[in-house]
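The paragraphs below go through selected strands, a pocket, a helix and some loop residues in turn. Please keep the model open while reading.

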Amino acid sequence: MRLGAQALANLPAQVARPIYDREAQAVGIVHIGIGAFHRAHMAWYTDAAMNAGDRDWAITGVSLRSPGVARQMNPQSGLYTVAEQSGEGSALRIAGAVRNVLVASEEPEAVIAAIASPTTRIVSLTVTEKGYCRDGQGGLDFALAHSLSFYYFVTQALLRRRDAGLSGLTLLSCDNLADNGAKLAALMRHYLERHEPDLVGWFADNCACPGTMIDRIVPATTDEDRAQIAEGLGGLADEACVVTEPFSQWVIEDRFAGPRPRWEAVGAELVADVAPYETAKLRMLNGAHSALAYCGLAAGHTYVHEAVADPALRALAERLMCEEAAPTIAAAPGQDLQAYATLLLDRFANPALNHRLIQIAMDGSQKIPQRWLETLAAQAAKGGRPCKAILTAIGAWIAHLRGANGGVDDPRAAELARAAASTDPVGALFGQGGLLPSEWSPAASDIAIITAAE
Ligand code: CS2
């Protein structure tokens, strides 16, 4: 037996489930990139908002290429389990906000029609850093942003909305990019300028791209997780379940083009400026995560909780967060960065998550600029000491690019491998003319630290 609308009534009593009439909800959100993260985060908040009485925010999920998630979720009428796991045990909740999943490569017209539908008010995105199709300078790479990118589908739907006299949309980036809302707005404008110049003004006047800070650790679901969750569901199989930590945070810039769910009623924070939260999250949480990934793999670890239990790596993560990243962040009133670092180390130590270091090591070229290079640039600008922890992590990344941990999963893998194998890897990768240009140019003392770690 498989989880689905019919099976809800037979679930064990301790499993929480939707208490609203799912069939009666209009689709208000189209979400592009419906992976495990969206299901454990935004769709989970939206489900909670509907449990609290909000209405008509059902979600149509879109996968751009792979039919995998649609095959998992559609036979379950969009239902799936969120398993919150910690040392204390596991809590299961069935989330009901997702109505259906479309596969853009198989049914492009249905995707455009969903975004153009009058009830849709929000198009949200978790397409990962590489899904924004940026070139090395951060502008739009038009060759990458071809017809199977979100740019194409959103643009086609916006044309229909404008021509039908419908409202514009809120485009909500839920990816780990610095200044994600403003970046999305600028990239969308570049795309429109090239492909639909007549739509540029309408887009500016009728759409909004608020910034967000999104946070929840969501490891890839394994067969073992699925087996354990099936047990908790009284034997029902759930192909779409996700495993996550109890912690969750969502800070959203309160600047929508139209209505939105009352996410603030279920724990999200709606603020005027997300920058302090987003910068702290990217430079501290994600910065430490990537450092633990490359240095942890080099030390022979598999999971984050193992790496952070290694005293040398724990000290490295702590130093990166407290001494290198935190001093570069202008904290918001009441934001305590030292307490944040302590909480992060506790979250990383969660023994029940089995978060693989190799999962975090993916796509380094897309992650390292906002996680490490911005800290290095800010420290250099104020004449700070060398950032030993980040520089050590860069050394471990170069070793990773040279194949120390097997294959390299990164959209720029080939050019990165060439740069890492060259006689001057630091020069080929960083500084003016490097593959990851930034405001930081390595000094001789930096290179000594990097080289020692390689
Ligand atoms: C991780 C993030 O895979 C990665 O690169 O650093 O996915 C991290 O777990 C999330 O951003 C936590 O909110």
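Strand β3 and strand β4 (residues 89-95) pair in the antiparallel sense over seven bridges, where pairing requires that DSSP finds at least two bridges between two strands. Helices (H or I, at least four residues) and strands (E, at least two) are DSSP runs, numbered from the N terminus. This is a predicted model, in which local features need pLDDT of at least 70 and side-chain atom pairs count only at pLDDT 80 or more, while totals for chains, interfaces and linings use all residues. Residues are numbered from 1 along each chain as its sequence is written, and side-chain values use heavy atoms, with hydrogens and water left out.

On its other pairing, β3 runs parallel to strand β9 (residues 242-244), joined to it by three bridges. Ala-83 takes part in both pairings: it stands opposite Leu-92 in β4 and opposite Val-243 in β9. Strand β3 itself covers residues 80-86, and six of its seven residues are buried. Buried here means under 20% relative accessible area, exposed means over 50%, and partly exposed lies in between (1.4 Å probe, protein chains only).

Strand β1 (residues 27-32) is also mostly covered, with six of its six residues buried. Its pairing with strand β2 (residues 58-63) is parallel and has five bridges; in it, Val-27 stands opposite Ala-58. Strand β6 (residues 122-125) also runs parallel to β1, through four bridges, and there Leu-125 is the bridge partner of Ile-32.

A pocket is found on a 1 Å grid over the protein atoms alone, as an open set of points where a 1.4 Å probe fits, with protein on both sides within 12 Å along at least five of seven lines; lining residues have an atom within 4 Å of a point. Of the 16 lining residues, Thr-222, Asp-225, Ala-352, Leu-353 and Asn-354 are the closest to the centre of the pocket. The elements that each give two or more residues to the lining are β3, β4 and α8 (223-232), and α8 has the largest share, with three residues. By class, five lining residues are nonpolar, eight polar and three charged.

Ile-217 is buried, at 5% relative accessible area. Its C-alpha atom is separated by 23 Å from that of Ala-331, a residue 114 places away along the chain.

Helix α18 (residues 444-453) has Asp-446, Ile-449 and Ile-450 as its buried residues. They lie on the same side of α18, because they cover an arc of only 95° around the axis, taken from the directions from the helix axis to the C-beta atoms. An α-helix has 3.6 residues a turn, so residues three or four places apart point the same way. The cover over the buried residues of α18 includes α15 (388-401) and α17 (425-429). On the face turned away from the buried side, Ala-444 and Ala-452 are exposed.

The loop between α17 and α18 holds Gln-432, which is exposed at 69% relative accessible area. Not counting residues up to four places away in sequence, Gln-432 touches Ser-438 and Ser-441.

Most residues other than glycine have a negative phi. Thr-128 has a positive phi, near 65°, and is found in the loop between β6 and α5 (150-163). Asp-363 also has a positive phi, of about 60°, and lies in the loop between α13 (357-361) and α14 (364-381). Is each of these residues buried or exposed? Thr-128 is partly exposed, with a relative accessible area of 35%, whereas Asp-363 counts as buried at 3%.

Methods: Contact means heavy atoms within 4.5 Å. Ala, Val, Leu, Ile, Met, Phe, Trp, Tyr, Cys and Pro count as nonpolar, Asp, Glu, Lys and Arg as charged, and the others, Gly among them, as polar.
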